[in-house]
Amino acid sequence: MAKFRLIKTLWGIDDPISPSLFKSIKEEGYHGVEVIRLAWHMDGNDDGKNLVESLNHSGLAVVCQIHTTGGFLRNGEYIYCDEYDVDAHK
């Protein structure tokens with residue numbers, strides 16, 4: 001039998017990913033969090049250790065959101081690829 005799970009998106013949450021943030025989300029009754037793929041890199045840790053440890057500490061699952069138009073980091077800021085011109089993303 002299928003089970004429904006409550007997943008919280010991190011859109012609009014300015015707090016950095018941390019065990020305490022994820023613990024508070026778990027305490028709100030959520031079963032997981034939705035993050036963009038670049039959340040693995042946004043804390044400056046390219047191996048994603050902070051995200052994985054925060055998930056494991058809180059017991060939350062993760063839903064990884066993949067943008068079909070993609071994106072990249074520039075000086076720590078996520079830049080959407082909303083231009084069709086390749087030169088705009090260099």
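This report describes the confidence, strands and helix packing of a predicted model.

## Confidence

The chain has a mean pLDDT of 81, and 76% of its residues reach 70 or more. Confidence is highest in helix α1, at 96, and lowest in strand β5 (residues 77-80), at a mean of 72. Where pLDDT is low, the predicted coordinates should not be read in detail.

Strands of a sheet pair through backbone hydrogen bonds, either parallel or antiparallel. Three strands make up an open sheet here, in the order β1-β2-β3, and their pairing is parallel. The edge positions belong to β1 (7-9) and β3 (61-65); each has a single partner strand, so one side of each is left without a neighbour in the sheet. From one strand to the next, the twist averages 30°.

Between β1 and strand β2 (residues 32-36), which run parallel, there are three bridges. In this pairing I7 stands opposite G32 of β2.

Strand β4 (residues 71-74) runs antiparallel to β5, and four bridges join the two. One end of this pairing can be followed through G71, whose bridge partner in β5 is Y80.

The hairpin of β4 and β5 has two residues between its strands, and N75 takes a positive phi near 55° there. The confidence caveat applies to this part of the model, as β5 has the lowest mean, 72.

## Packing of α1 and α2

Helix α1 covers residues 19-27 and helix α2 covers residues 49-58; their axes come within 8 Å and cross at roughly 40°. Angles under 35 degrees count as roughly parallel and those from 65 to 115 as roughly perpendicular, so α1 is oblique to α2. The crossing of α1 past α2 is right-handed.

On the α1 side, P19, F22, K23 and K26 make the contact. On the α2 side, the contact is made by L51, S54, L55, H57 and S58. Sorted by class, the contact of α1 with α2 holds four nonpolar, three polar and two charged residues.

Terms used:
Residues are numbered from 1 along each chain as its sequence is written. This is a predicted model: local features need pLDDT of at least 70, side-chain atom pairs count only at pLDDT 80 or more; totals for chains, interfaces and linings use all residues. Side-chain values use heavy atoms; hydrogens and water are left out. Axes are lines fitted to C-alpha atoms, for helices over the stretch in contact, and angles run from 0 to 180 degrees between N-to-C directions. Angles under 35 degrees count as roughly parallel, over 145 as roughly antiparallel, 65 to 115 as roughly perpendicular and the rest as oblique. A crossing is left-handed if the near helix is turned anticlockwise from the far one by less than a right angle, and right-handed if clockwise. Contact means heavy atoms within 4.5 Å. Ala, Val, Leu, Ile, Met, Phe, Trp, Tyr, Cys and Pro count as nonpolar, Asp, Glu, Lys and Arg as charged, and the others, Gly among them, as polar. Two strands pair if DSSP finds at least two bridges between them. pLDDT is the predictor's confidence in each residue, from 0 to 100.
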